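This briefing is meant to be read beside the sequence and the 3D view. Please keep both open.

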Protein chains: 2
Amino acid sequence: MYYRIADFNGADTLFNRSCSALWNEVDECLTALKLHVKQSDEAGRQGNLIFNPVGTNQELKDCLGEHDWQYLQLPEAYSFFGLGIDFDKQGAWIEAQFSNYPFLLNNILRAEVLYRDKVSPRGNHRFRGMIVITKAKHFPSSNSTLHFEQAVDHLNGLNRHKLFSVPTRLVGLDVEGDSTQAVLTTYSSPRYSRTVTSARTVRISVERSTRGGSSKFHLLR
Amino acid sequence: MYYRIADFNGADTLFNRSCSALWNEVDECLTALKLHVKQSDEAGRQGNLIFNPVGTNQELKDCLGEHDWQYLQLPEAYSFFGLGIDFDKQGAWIEAQFSNYPFLLNNILRAEVLYRDKVSPRGNHRFRGMIVITKAKHFPSSNSTLHFEQAVDHLNGLNRHKLFSVPTRLVGLDVEGDSTQAVLTTYSSPRYSRTVTSARTVRISVERSTRGGSSKFHLLR
């Protein structure tokens, strides 16, 4: 999958040099990642194809898991910030953040507090830097979910006043061109189920908005 | 209603001295506020009485509105942080935060950025300090919604590293004793509707957990 990146607090140096082997694994999984879509069940847009976070998370988990990236439970003393970090390997953290936009600042600030507290949740590997995976603004998706451009604005806002120091690489999943292969998944109940009823590879066209809004994804038969 | 407070970054001085008239209005509305409850529709706990954020917000809005506290739309340049502040008067802001816990750090950090940017969204009143209204941990409520004790932990974590400087008063709505008057409201559809079907004043008992978990609210007939 095509993606863009934005680096903060020296993440370019970190992931291009001392953590470059770790980044190469992430890049491999991102590049192999397919666009996952599902049919919306939100009022007024039922049936429209939208970005599918559940399928995306699952494929990322499968690929990163093969490279031994693992879920990291936060120490009990920090559990008020949420339960854990999506993926950790040797002190590099990944959050796949396709949820409501306020989760971003929770992810960033809890990382900042652990970073400054010099916490080592797993063995000897002190926390070194973070990758946050988001989706492009133009992807049709559930209301109020975080997108890459918004995340860049958030982190620029914090950065202007030195409110975070964790080396952070933002990834924005995107598509190039007018059409792409995708995986269309249906679930046993529309909103909350993760039980797959069917998953098939399809080809979709990407109809871009001329006014900076959402694209439309159309199934090509 | 009974409530607790926790002050950060000099909020005690701000709200006891230069903004004491504003705080007195807030205190009046908090003291007059009734406990609002509704029946849960979450799986496994249908029908149990839980805290009702919609009713609480409405009563706060009615009371604060009488004192000319108004919704404050964020300037367009900050809209990526969310649309607006629940209540503003003369540069004092109030957020009633009963939603998912990540909203707290979004509220705090966007306020911090505007504070440091010295933005004056409404006329000549520069932003001076914030009040965040939450509910007690022991209140039975929707999953993953913010509570006072958790908010105190969040802000202590940020404060340890000087990650925010806005004078901030946290309010934790609570009940004293074993029973209290409450307003029981039903809505036209269980989860998302704000259309009131019925609202009646009831008396409920508060059965405290012995293990630090949620209390149970029981209807007294």
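This is a predicted model: local features need pLDDT of at least 70, side-chain atom pairs count only at pLDDT 80 or more; totals for chains, interfaces and linings use all residues.

Residues are numbered from 1 along each chain as its sequence is written, chains are lettered from A and ligands numbered from 1 in the order in which they are written, and side-chain values use heavy atoms, with hydrogens and water left out.

**Chain pairing**

- Chain B superposes on chain A by a rotation of 180° with 0.0 Å of shift along the axis, at RMSD 0.0 Å (least squares on the C-alpha atoms of residues with pLDDT of at least 70 in both).
- The two copies are therefore related as by a two-fold rotation axis.
- Chain B and chain A each put 24 residues into the contact (heavy atoms within 4.5 Å).
- Of the interface residues of chain B, 100% are also interface residues in chain A, so the copies meet through the same surface.
- About 2300 Å² is buried between the chains, 66% of it from carbon and sulfur atoms; buried area is the accessible area (1.4 Å probe) that two parts lose on being put together, summed over both.
- On the chain B side, B:Phe80, B:His161 and B:Leu163 lose the most area to chain A, together 25% of what that side buries.

**Nonpolar core**

- A nonpolar core is a set of buried Ala, Val, Leu, Ile, Met, Phe, Trp, Tyr and Cys residues joined through side-chain atoms within 4.5 Å, where buried means under 20% relative accessible area (1.4 Å probe, protein chains only).
- The largest one has 63 residues, and A:Leu170 and B:Leu170 are among those with the most contacts inside it.
- Helix 4 of chain A gives the most to this core, with eight residues; helices (H or I, at least four residues) and strands (E, at least two) are DSSP runs, numbered from the N terminus.
- Beyond its neighbours within four places in sequence, A:Leu170 contacts residues including A:Ile5, A:Phe8, A:Val132 and A:Phe148.

**Helix 2 of chain B**

- Its buried residues are B:Leu22, B:Trp23, B:Glu25, B:Val26, B:Cys29 and B:Leu30.

**B:Thr185**

- B:Thr185 lies in strand 9 (residues 179-187) of chain B and counts as buried because its relative accessibility is 6%.

Key: Buried means under 20% relative accessible area, exposed over 50%, partly exposed in between (1.4 Å probe, protein chains only).
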